[in-house]
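Please look over the sequence and the fold shown below before reading on.

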Amino acid sequence: MAARSLDVDLLARELGNWRTSSLTGPAYLGLADAIRLLIVDGRLPVGARLPSERALADALRVSRTTVTAAFTQLRDDGYLNARRGARSTAALPVRPEIVTEASPPSVSLAAAALSAPSSAVLEAFAEAAHDITPYLHEPGHELMGVCALRTAIAERYCARGLPTDPSDIMVTSGAQHAIGLILATYTQPGDRVLVEQPTYHGALSAISTAGARAVPVALADDGWELDAVHAAVRQLAPSLAYLIPDCHNPTGFTMPAADRKRLGQIISDTRTRTVVDESIADMWFDEAPPEPLAANVGRHDLVLTVGSMSKSFWGGLRVGWIRADRSTLATVAAIRPALDLGTPILEQLTAARLLTQYTDVLPERRQLIRARREFLVSLLARELPEWQPGPGRGGMSLWVKLPAPMSTALSAAASRLGLDIPAGPRFGVDGTLERFIRLPYALPEPQLEEAVALLVRAWRSITGAPAPDTHAVVV
């Protein structure tokens, strides 16, 4: 199969503000770092053909020598394959990079997710192993999901103020799978999908994979600008909107009840089919979010609510769902067999058992992430006081404003030290958000402390800030 060719203008947009500081070293190294991050993040597919050196140099407005040197560096590091007479293709090294400076241990801030509540999950799996017996006499293809889980999910919605029948639920293999199914059903290549800016990077990847085009509406410093949302919907007429009104990823904002009512009216008036991602809705600190957005939309056929077990319980279950009008689910079900034939039954039965323990498990997990958030905020205040964590009070990450637009350079420098952290532009459209970085606080405190220490080193390396004098004499 022929390798995919990358559009030079698209690659230039994905690279964003790659040259963010004159102190980061030669320009070709900054470019090489930015391309390497795209490959590692999966935004530049392995095997894809890069544009010619001349075309990329013209698009980036740099000398061809700079691009040639960057490509040479990437080939030496194993991130590009080159053949005489053919364009270079993206690759991953056969062996992991050898990290210098005593090879510090690798730490990842790429994911915002807790480990499992072990005893609860083990007990639920053991009970599910007994529950599965009746299903062994059937083929095992549950396209909509097993009744026990659909009933448990529906009961949770009813308790939150959104009347729901089990027939309004389709079980999926995680929230990402649910988003992909919806995009495959309701978008065509070139269609517009309205998104918040910033937003969940997995959704942006799914939109791109579907061939659709994400169009952003920026969040304000304290939440949603509904006038801007309304104007964008009316002017752009998107085929779909994707919104995260509860414990927003990455900002932690939760939409107030009054705004939900107005947004529900906007959706109904403009007839905009909307995906509401509630994957992190359980991860609140001070008070539970208002009733689901879908409860505020008069046109029930317009809203598809996505949920997941991953943040509330454990990502290893790979169980999510879509809550929607029955006719909408029938439309999604019609295309699903082309993609998969259902979610594994044992995991569904385990999820159903865990949902019955909601009130026992979730308070402890909220207390855990609240404590880790406070710990991370205190670390930043002490070690990086010029960084500004956002005001969001939910979710599993801080959305931090940097003193300068150097997020990509910071991510690259951190990677060289053994810390994996996505740059701000990954959470936006067209390479913006260079002044921001997402810092999850799901890891245990010792790992958070190690991560911040590496961030301090990375920040100093790109800004030229001197390290504190630990040998100063105090008198």
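His 248 counts as buried, because its relative accessibility is 1%, where buried means under 20% relative accessible area, exposed means over 50% and partly exposed lies in between, with a 1.4 Å probe and protein chains only. The model is a predicted one, in which local features need pLDDT of at least 70 and side-chain atom pairs count only at pLDDT 80 or more, while totals for chains, interfaces and linings use all residues. Residues are numbered from 1 along each chain as its sequence is written, and side-chain values use heavy atoms, with hydrogens and water left out.

His 248 is found in the loop between β7 (240-243) and α10 (257-270); helices (H or I, at least four residues) and strands (E, at least two) are DSSP runs, numbered from the N terminus. If residues up to four places away in sequence are not counted, His 248 touches Glu 196, Pro 198, Thr 199, Leu 219, Trp 224 and Phe 253, contact meaning heavy atoms within 4.5 Å. From C-alpha to C-alpha, His 248 and Ala 352 are 25 Å apart in space, and they are 104 residues apart in sequence.

Ala 178, which has its place in helix α7, is also buried, with a relative accessible area of 0%. Leaving aside neighbours within four places in sequence, Ala 178 is in contact with Thr 172, Val 306, Trp 321 and Ile 322.

**Helix contacts**

| Helix pair | Angle | Axis separation |
|---|---|---|
| α5 (residues 118-131) and α12 (residues 345-355) | about 125° | 8 Å |
| α7 (residues 175-186) and α11 (residues 326-335) | about 90° | 9 Å |
| α7 and α8 (residues 201-209) | roughly 30° | within 10 Å |

Helices α5 and α12 pack at an angle of about 125°, which makes α5 oblique to α12; by the cut-offs, angles under 35 degrees count as roughly parallel, over 145 as roughly antiparallel, 65 to 115 as roughly perpendicular and the rest as oblique. The contact is made by Ala 120, Val 121, Ala 124, Phe 125, Glu 127, Ala 128, Ala 129 and Asp 131 of α5 together with Leu 346, Leu 349, Thr 350, Arg 353 and Leu 354 of α12. By class, the residues of this contact divide into nine nonpolar, one polar and three charged, where Ala, Val, Leu, Ile, Met, Phe, Trp, Tyr, Cys and Pro count as nonpolar, Asp, Glu, Lys and Arg as charged, and the others, Gly among them, as polar.

Helices α7 and α11 pack at an angle of about 90°, and that makes α7 roughly perpendicular to α11. Here Leu 181, Ala 184, Thr 185 and Tyr 186 of α7 meet Thr 328, Thr 331, Val 332 and Ile 335 of α11, a set that divides into five nonpolar, three polar and no charged residues.

In the pairing of α7 with α8, Gln 176, Ile 179 and Leu 183 in α7 meet Gly 202, Ala 203, Ala 206 and Ile 207 in α8, and this contact has five nonpolar, two polar and no charged residues.

In helix α3 (residues 53-60), Glu 53, Leu 56, Ala 57 and Leu 60 are buried. Seen down the axis of α3, these buried residues fall within an arc of 100°, so they line one face of the helix, the arc being that of the directions from the helix axis to the C-beta atoms. On the other side of α3, Arg 54 and Asp 58 are exposed.

Most residues other than glycine have a negative phi, and most peptide bonds are trans. Just after α3, Arg 61 takes a positive phi of about 60°; Arg 61 lies in the loop between α3 and α4 (64-77) and is exposed, with a relative accessible area of 76%. Ala 237 likewise has a positive phi, of about 45°, although it is not a glycine. Ala 237 has its place in the loop between α9 (226-236) and β7, and at 57% relative accessibility Ala 237 counts as exposed.

A cis peptide bond joins Gln 197 and Pro 198, with omega about 10°, and Pro 198 is in the loop between β5 (192-197) and α8. The peptide bond from Asn 249 to Pro 250 is cis as well, with omega near 20°, and Pro 250 lies in the loop between β7 and α10.

Technical notes. Axes are lines fitted to C-alpha atoms, for helices over the stretch in contact, and angles run from 0 to 180 degrees between N-to-C directions.
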